[in-house]
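Here is a short tour of a two-chain model. Have the sequence and the structure open as you read.

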Amino acid sequence: MKKLLLATALIAVGAGFAAAQDVVRLGTEGAYPPYNFINDAGEVDGFERKFGDELCKRASLTCEWTTNEWDSIIPNLQSGNYDVIIAGMSITDEREEIVDFTQAYIPPASSAYLALSMDVDLKSGAVAAQTSTIQAAFVAENGMSVVEYATPEETVAAVKNGEAIAVLADKDFLKPIAAESGGTLVMLEKEESIGGGVGMAFRDSDDDLRGKFDAAITSMKEDGTLNALIAEYFGPEAKTW
Amino acid sequence: MFAACADPKSIEGLTWAFCYLTSGKHLDFYWSFATVILLLVITAPAALALGFAGATAARSQILALRILGKTYIAMVRGIPDIIFFLFFVIALDQGIEYLKFLAVCPAGSPWPWQGLEFRVCQEAKVPLGSSSAFWHNAYGFALAVVTFAIVFGAFTANVMFGAMQAVPKAQLETAEAYGMGHGQVFRRILVPQMWVYALPGLSNLWMILIKATPLLFLLGVEDIVYYARELGGSKTQSYEYPHGDWRLIYFIGLLIFYLTMTKLSEGVLGRLSARLSKGQATAAGEAMRRAGA
């Protein structure tokens, strides 16, 4: 009886804001410009916002954006807080084991180092990277000492205040930072090619939804809109399809 | 928002500062102060109620209730807050969805816990996937409030348990000698007198509660710490208002906010303590009596 009462109460709560239409919740980090960031109006913005909205239009889905810390972005996908991760996430074997990716929508991009001077020796100190990124794994595997931070912002701040000698991150993220630093921060010539391109991640059990987005990505690749979008956000010299 | 702010990159000086401080994200930041205050306003009485219930249970004559009360106090007090917060919010969320799963999902739905995933049918999601962002935020906030209330309720229960024991035995025995029953002694003698003993501990907890509100950030609620970090971080030209690393300025703002809150509370609690000590058989009450005489 008690269970029944509780259930009735819960249904009543649920019915209060029920709607027939299914909404797909897109989860992003909101701290990695120009991929995704929170703009000054407090909304999700950037390449992935525009790209994601276009995909939803093509797949005739109603989508809603939500942000989540990078650290817990995969666990919260699995516990159902949102249905899709679209957060500049590189496709890797480790991640493939726990989530399913679409085809890549950004070709494998180079990662670059940002430091205070061009002649820094990468083995002479700690290299900063964001926690659970392909760059953090790469630094650790290649004989450099890694120091990890929760947000991309903090990795750059660590180089500025001398906690790390350089930061390894996606080149497209670091490029505007180096350009606007007025010469205090420089990109090293050395670049690393890691990761298998950026894709959207889904729960293993959500193959239907993944299929819809996959088809929409294919159609955007075919008519050239994806390439135009990449050029708009990452500059004309960015790799396209 | 304002006509003058239409093109932020072409304005400067005071106009820029004005436009910057009234951007949509800053307005969200100002609202998040209300979120924190709302949390305090709801959590404090809820924790007080839970604490009172816990303390009463812990000194009950019924064994089962006594064990329940003492277990609650010991368990929550013994587990680090952060672990409790991280664990409890997920457990509560999944527990609620599981109950709704039993009620609304069609028979034969797969068991929700599948390996690393937690899956219930669309109808059993709380809030529903189709509800607006407001409900998602409100639900997250409600989970946080319940967790805060349970954690601080346990500390409150311990303080109140101690305060109830501190009421002089002679008072209770006198009441009994006048023929009052257990309930009457509790209501008329014990509870009115216990507050003065509980107040120092409770005021301490209130201060800790104020200082613990940044834990909201840990629970994914976008509170003032979230916005301070988000707004203070350096911004490139992708943003409308590019600037350097201003996190220090924003955090100093938070520092002032928290210091003001604790300072105001100290004043209010000091008055309350004076009010409660009046006519009590304690050192403070005695001092007041002599000063008045």
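## Chain A at a glance

Of the 241 residues of chain A, 42% count as buried (20 or more other C-beta atoms, placed from the backbone, within 10 Å of the residue's own). The C-alpha trace of chain A spans about 70 × 45 × 35 Å along its principal axes.

Please bear in mind that this is a predicted model, where local features need pLDDT of at least 70, side-chain atom pairs count only at pLDDT 80 or more, and totals for chains, interfaces and linings use all residues. Residues are numbered from 1 along each chain as its sequence is written, while chains are lettered from A and ligands numbered from 1 in the order in which they are written.

## Where the chains meet

The contact draws 33 residues from chain A and 36 residues from chain B; two residues are in contact if their C-beta atoms, placed from the backbone, lie within 7 Å. On the chain A side, helix 1 gives the largest share, five residues. That side holds 17 nonpolar, nine polar and seven charged residues (Ala, Val, Leu, Ile, Met, Phe, Trp, Tyr, Cys and Pro are nonpolar, Asp, Glu, Lys and Arg charged, and the others, Gly among them, polar).

## A helix pair in chain B

Now look at helix 7 (residues 182-212) and helix 10 (residues 247-277) of chain B, whose axes come within 10 Å and cross at roughly 170°. That makes helix 7 of chain B roughly antiparallel to helix 10 of chain B (over 145 degrees). Their contact includes B:Trp195 and B:Trp206 of helix 7 and B:Tyr258 and B:Met261 of helix 10.

Definitions and conventions
Helices (H or I, at least four residues) and strands (E, at least two) are DSSP runs, numbered from the N terminus. A residue is buried if 20 or more other C-beta atoms lie within 10 Å of its own, exposed if 12 or fewer, and partly exposed in between; C-beta atoms are placed from the backbone. Axes are lines fitted to C-alpha atoms, for helices over the stretch in contact, and angles run from 0 to 180 degrees between N-to-C directions. Angles under 35 degrees count as roughly parallel, over 145 as roughly antiparallel, 65 to 115 as roughly perpendicular and the rest as oblique.
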